[in-house]
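Please keep the sequence and the structure in view while reading.

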Amino acid sequence: MSLPSTFDPGVVAALSALDANSVKHVFFVACGGSLSIMHPAKFLLDQHSPLPSDVYNAAEFVARAPRSLDKSSLVILCSMTGTTKETTAAAEFARAKGATTIGLTVEPASPLAKAVDHVVGFEAPYTTGVPIDAKDSNYSRIYQIVMGLVALTGGENLTETLIDSLCALQPAIDRAHAAFAPIFEDYAPRFAKQDVIYTVASGASFGAAYSFAICVLMEMQWINSQAIHANEFFHGPFEVLDKDRSFILLKGIDSTRPLEERADVFLHRFGSAENILVLDAEKLNLSGIDPRFRGNVVPLIFFDTLWRFAYKIADLRKHEMLAGRRYMKKISY
């Protein structure tokens with residue numbers, strides 16, 4: 001079969017060069033914010049294919065050296081600038097084991113791009129200084145890789161449906177910004193005063209919670225945080241809950257939503273509503289996005305809108321988002 005002409009050319013080139021039937025294991029590998037997109041990518045693959053897969057931090061991928069990594073493996077890596085040393089090292093390690101590697105990056109001449117078999121480009125706001133269309137994001141590219149792989153390995157061919165849904169994603173994000181704006185306006189003054197804010201989610205949305213916790217609240221605002229899985233919340237973390245503790249709960253619309261609904265009930269039972277920010281995807285207008293992909297694209301909507309919330313917090317705290325870092329990209333580490 002051939003992939004749709006509407007697919008990204010880099011994705012088409014990478015998958016067309018792949019002997020899809022020889023792929024027996026998929027590894028999703030990255031660090032930080034780039035690692036966060038690997039969780040929903042695996043979730044999507046799990047939903048549509050029997051292919052086994054794992055998500056790894058890049059440095060641990062090399063250190064752990066999984067025995068299942070071999071010439072029948074496909075390793076998908078991501079680094080926005082392509083300069084993350086651990087991710088480049090992971091690509092080199094994978095290729096040395098005979099695996100096929102695909103690297104996602106905005107920089108085609110970056111170290112990661114040179115270390116992988118196939119490069120897939122995407123757009124990010126920092127490259128242009130202006131917002132991008134979500135269909136050109138790293139989420140979009142990795143979803144195309146996943147669903148293209150599903151189709152090429154004999155699974156249901158939903159590639160055209162995926163593209164149509166991705167084209168409808170940016171309007172959905174714009175509507176979500178308007179829908180969430182009053183909530184952010186209400187919660188920002190209280191959350192800006194907090195030293196600890198927890199993020200809770202499950203399923204496809206867990207990556208968005210993870211990225212917001214470690215790459216935004218901790219990295220850019222120096223607010224202590226932890227991404228808590230909605231069910232793991234009941235296996236220890238709920239003991240910190242009281243009327244003064246702040247939480248952000250992402251309620252998605254994938255098959256794991258009941259886990260988030262249970263957390264929602266408990267949070268409001270023992271916490272205070274004014275300190276529990278709930279973003280509920282069921283309240284969003286997702287017109288144009290196929291129901292089979294709505295749960296999968298919601299994480300990008302959550303993260304994109306939460307970014308605006310973060311800037312409101314930053315303004316109130318008088319702590320710049322990017323320039324306020326102490327260590328990242330400023331010293332050797």
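A charge is said to sit over a ring if NZ of Lys or CZ of Arg is within 6 Å of the ring centre and within 35 degrees of the ring normal. In this predicted model, Arg 326 lies over the face of Trp 222, at 3.8 Å from the ring centre.

**Charges over rings**
- Besides the arrangement at Trp 222, Arg 190 lies over the face of Tyr 187, where the distance from the ring centre is 4.7 Å.

**Ring pairs**
- A search of the whole structure finds 20 aromatic pairs.
- One of these joins Phe 27 and Phe 61, whose ring centres are 5.5 Å apart and whose planes meet at 55°, so the pair is tilted.
- This pair links distant parts of the chain, since Phe 27 belongs to strand β1 (residues 25-30) and Phe 61 to helix α4 (residues 58-64), 34 residues apart; both Phe 27 and Phe 61 are buried.
- Tyr 198 and Phe 247 have ring centres 5.3 Å apart and planes at 35°, so this pair is tilted.
- Because Tyr 198 lies in strand β6 (residues 196-201) and Phe 247 in strand β8 (residues 246-251), the pair ties together parts that are 49 residues apart in sequence; Tyr 198 and Phe 247 are both buried.
- Ring pairs also link Tyr 198 and Phe 247 into a cluster with Phe 233, Phe 234, Phe 238, Phe 266 and Phe 270.

- Tyr 327, Met 328, Ile 331 and Tyr 333 make a nonpolar surface patch of about 490 Å², and Tyr 327 is found in the segment after α13 (291-317).

Definitions and conventions
Residues are numbered from 1 along each chain as its sequence is written. This is a predicted model: local features need pLDDT of at least 70, side-chain atom pairs count only at pLDDT 80 or more; totals for chains, interfaces and linings use all residues. Side-chain values use heavy atoms; hydrogens and water are left out. Patches are made of residues with over 30% relative accessible area and no salt bridge: like charges are joined within 9 Å, nonpolar side chains (Val, Leu, Ile, Met, Phe, Trp, Tyr) within 5 Å. Accessible areas come from the Shrake-Rupley method with a 1.4 Å probe; for residues, only the protein chains shown count as cover. A salt bridge is a side-chain nitrogen of Lys or Arg within 4 Å of a carboxyl oxygen of Asp or Glu. Helices (H or I, at least four residues) and strands (E, at least two) are DSSP runs, numbered from the N terminus. Rings of Phe, Tyr and Trp (its six-membered ring) pair if their centres lie within 6.5 Å; planes under 30 degrees apart count as stacked, over 60 as edge-to-face and the rest as tilted. Buried means under 20% relative accessible area, exposed over 50%, partly exposed in between (1.4 Å probe, protein chains only).
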